[in-house]
Amino acid sequence: MITYHYEGLTKVISGGQTGGDQAGLYAARDNAIRTGGHAPLGYKTLHGKAPKLEEFGVLEDASPNYPPRTLLNVRNSDGTVRLASSFD
């Protein structure tokens with residue numbers, strides 16, 4: 001395993017969606033960087049429920065929809081990267 005030191009990066013906040021969101025959580029954990037964030041109710045992802053997100057400090061939002069958790073994650077971070085095929 002290759003590890004990197006990220007100067008100034010102290011926490012990765014993620015909504016836990018499959019793909020890059022989860023990869024970011026695993027990469028942060030592998031490099032001793034704190035993790036957290038909010039996911040839709042039931043830890044909903046495109047591939048079903050992912051309760052393992054709780055291991056990363058990701059909290060369940062009261063809503064099953066994606067926009068509320070996205071807004072929380074943006075508000076609770078210093079910077080945001082959002083990749084999507086549709087921003088609706």
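Leaving aside neighbours within four places in sequence, Val58 is in contact (heavy atoms within 4.5 Å) with Ser14, Leu25, Gly36, Gly37, His38, Ala39, Tyr43 and Leu53. The model is predicted, so that local features need pLDDT of at least 70 and side-chain atom pairs count only at pLDDT 80 or more, whereas totals for chains, interfaces and linings use all residues. Residues are numbered from 1 along each chain as its sequence is written, and side-chain values use heavy atoms, with hydrogens and water left out.

Val58 belongs to strand β5 (residues 58-60); strands (E, at least two residues) and helices (H or I, at least four) are DSSP runs numbered from the N terminus. Val58 has a relative accessible area of 1% and is therefore buried, the term denoting under 20% relative accessible area, with exposed meaning over 50% and partly exposed in between (1.4 Å probe, protein chains only). Between the C-alpha atoms of Val58 and Ser14, which are 44 residues apart along the chain, the separation is 7.4 Å.

His38, one of the residues in contact with Val58, is located in strand β2 (residues 34-39). The relative accessible area of His38 is 16%, so this residue is buried. With neighbours within four places in sequence again left aside, the contacts of His38 are Ser14, Gly15, Val58, Leu59, Arg69, Leu72, Asn73 and Asn76. Strand β2 is mostly covered, 5 of its 6 residues being buried.

An open sheet is formed by 3 strands in the order β1-β2-β5, with parallel pairing; two strands pair if DSSP finds at least two bridges between them. Strands β1 (11-13) and β5 are at the edges, each pairing on one side only. From one strand to the next, the twist averages 15°; axes are lines fitted to C-alpha atoms, for helices over the stretch in contact, and angles run from 0 to 180 degrees between N-to-C directions. The parallel pairing of β1 and β2 extends over 3 bridges. Lys11 stands opposite Arg34 in β2, and Ile13 has Gly36 of β2 as its bridge partner.

Helix α2 (residues 66-75) lies across β1 and β2 and runs at about 145° to β2. The pairing of β1 and β2 comprises 3 bridges. Helix α1 (residues 20-30) packs on the sheet, where it touches β1, β2 and β5, and its direction makes about 160° with that of β2.

The largest pocket contains about 1200 Å³ of space. On a 1 Å grid over the protein atoms alone, a pocket is an open set of points where a 1.4 Å probe fits, with protein on both sides within 12 Å along at least five of seven lines, and lining residues have an atom within 4 Å of a point. Grid points are joined across faces, edges and corners, and the volume is the space filled by probe spheres set on the points. The lining of the largest pocket comprises 34 residues, of which Ile13, Asp21, Thr80, Val81 and Arg82 lie nearest its centre. Elements giving two or more residues to this lining are β1, α1 and α2, and α2 gives the most, with 6 residues.

His47 occurs in the loop between β3 (44-45) and β4 (48-49). With a relative accessible area of 67%, His47 is exposed.
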